[in-house]
Amino acid sequence: MKGRQWERWRRPWNPLGGGSCGGGVCRLEMGPGCCSFFFCWGLGRGHGVGTSSSSLWNLMGNAMVMTQYIRLTPDMQSKQGALWNRVVRIFLPPVWLTQKPCFLRDWELQVHFKIHGQGKKNLHGDGLAIWYTKDRMQPGPVFGNMDKFVGLGVFVDTYPNEEKQQERVFPYISAMVNNGSLSYDHERDGRPTELGGCTAIVRNLHYDTFLVIRYVKRHLTIMMDIDGKHEWRDCIEVPGVRLPRGYYFGTSSITGDLSDNHDVISLKLFELTVERTPEEEKLHRDVFLPSVDNMKLPEMTAPLPPLSGLALFLIVFFSLVFSVFAIVIGLILYNKWQDQSRKRFY
Ligand SMILES: [Ca+2]
């Protein structure tokens, strides 16, 4: 599925019905009672994150707003930054309600990004990640985001950590779906948990680079436009991906000993209008935990909550009462038995 074939399916997600993202003009729309959406910056009339009071995005860590893009990390060691869509709070008298941001069923996220820096071959890192996850704003080791995340992660990994790389040429794009039980293996560049991947030579290019993540009828497709030809090229295609609705979109990046500028020029989210047969409607019911058909994710084992002081006191108290009770009964029975043996004796 390439090129413009999908155009007819998609429209910008805008609950108010008045937004558009045609002609390179991005608009940010939001209204009471609806979830957030559209965002973009640069492009002249776009809304800047952090410069607009109605911004629906939060920056984190070392991320910076520049005039034409968001810089997740500069080309410096040990930096990390992220950009997340925000929780929208609305006031419905008499209470504030926290609105989940996005309840799209079928969607497409277009990411316009740029990775560049001074480092020569294999002396740059670490890349960036794009997220659709249950949690937001949780810094950590996975491209600047938390490990054991719940949702989808798409990684543009620019540095091969694993020494013997025969099959994979870097920079490398890969995807991972997690229910919170899996760790991303940084030393092996996520290989044990990857759903699929492809090589993507994206550093220090003089033209624009794009990535698109499409999620339609539980089918995850990731394509890229990195050759300056304005054409989508296939990268990853995975059927049977079950993602809950209402998760957050974000992007994050980290540098370590090696570094790069990781810039995000725009993120555009589209709702896709897809017809379903009644059977598909039944099959595509909402799910509560991410999973992939034909792929076993370890079960989530919730740790037992620690006992509260009161619970501990009650347990000890009733154990003591029970012990005393048992001893008393035991004594009574013993006495009775002794009485009876005495009677028998006389
Ligand atoms: Ca890596």
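Modeller: Let us begin with a definition: a residue is buried under 20% relative accessible area, exposed over 50%, and partly exposed in between, with a 1.4 Å probe and protein chains only. This is a predicted model, in which local features need pLDDT of at least 70 and side-chain atom pairs count only at pLDDT 80 or more, while totals for chains, interfaces and linings use all residues. Residues are numbered from 1 along each chain as its sequence is written, and side-chain values use heavy atoms, with hydrogens and water left out.

Biologist: Is Glu-167 buried or exposed?

Modeller: The relative accessibility of Glu-167 is 63%. Because exposed means over 50%, Glu-167 counts as exposed.

Biologist: With which residue does the side chain of Glu-167 meet in a salt bridge?

Modeller: A salt bridge is a side-chain nitrogen of Lys or Arg within 4 Å of a carboxyl oxygen of Asp or Glu. Helices (H or I, at least four residues) and strands (E, at least two) are DSSP runs, numbered from the N terminus. The N to O distance here is 3.0 Å, and the partner of Glu-167 is Arg-191. Glu-167 lies in the loop between strand 11 and strand 12, and its partner in the loop between strand 12 and strand 13, so parts 24 residues apart in sequence are tied together by Arg-191.

Biologist: Which residues do salt bridges that share partners join into one network?

Modeller: By the salt-bridge rule, the count comes to 13. Those that share partners form one network of Glu-162, Glu-167, Arg-188 and Arg-191.

Biologist: How many residues apart in sequence are the parts that Asp-293 and Arg-242 tie together?

Modeller: The side chains of Asp-293 and Arg-242 meet in a salt bridge of 2.7 Å, N to O. Asp-293 is partly exposed at 31%, and Arg-242 is partly exposed at 26%. Asp-293 lies in the loop between strand 20 (291–292) and helix 2 (309–345) and Arg-242 in strand 17 (residues 241–242), so the separation in sequence is 51 residues.

Biologist: Which residues coordinate the calcium ion?

Modeller: Donors are N, O and S atoms within 2.8 Å of the metal (3.2 Å for Na, K and Ca); water is not among the atoms, so sites may look incomplete. In sequence the donor residues are spaced D-x1-Y-x1-N-x27-D. At 2.3 to 2.5 Å, the calcium ion is coordinated by Asp-157 (OD), Asp-157 (OD), Tyr-159 (O), Asn-161 (OD1) and Asp-189 (OD).

Biologist: Is Asp-189 buried or exposed?

Modeller: Asp-189 lies in the loop between strand 12 and strand 13 (196–199), 28 residues apart from Asn-161. Since its relative accessibility is 2%, Asp-189 counts as buried.

Biologist: Which cysteines form a disulfide?

Modeller: A disulfide is a pair of cysteine sulfur atoms within 2.5 Å, and the structure holds one. The sulfur atoms are 2.0 Å apart, and the pair is Cys-198 and Cys-235.
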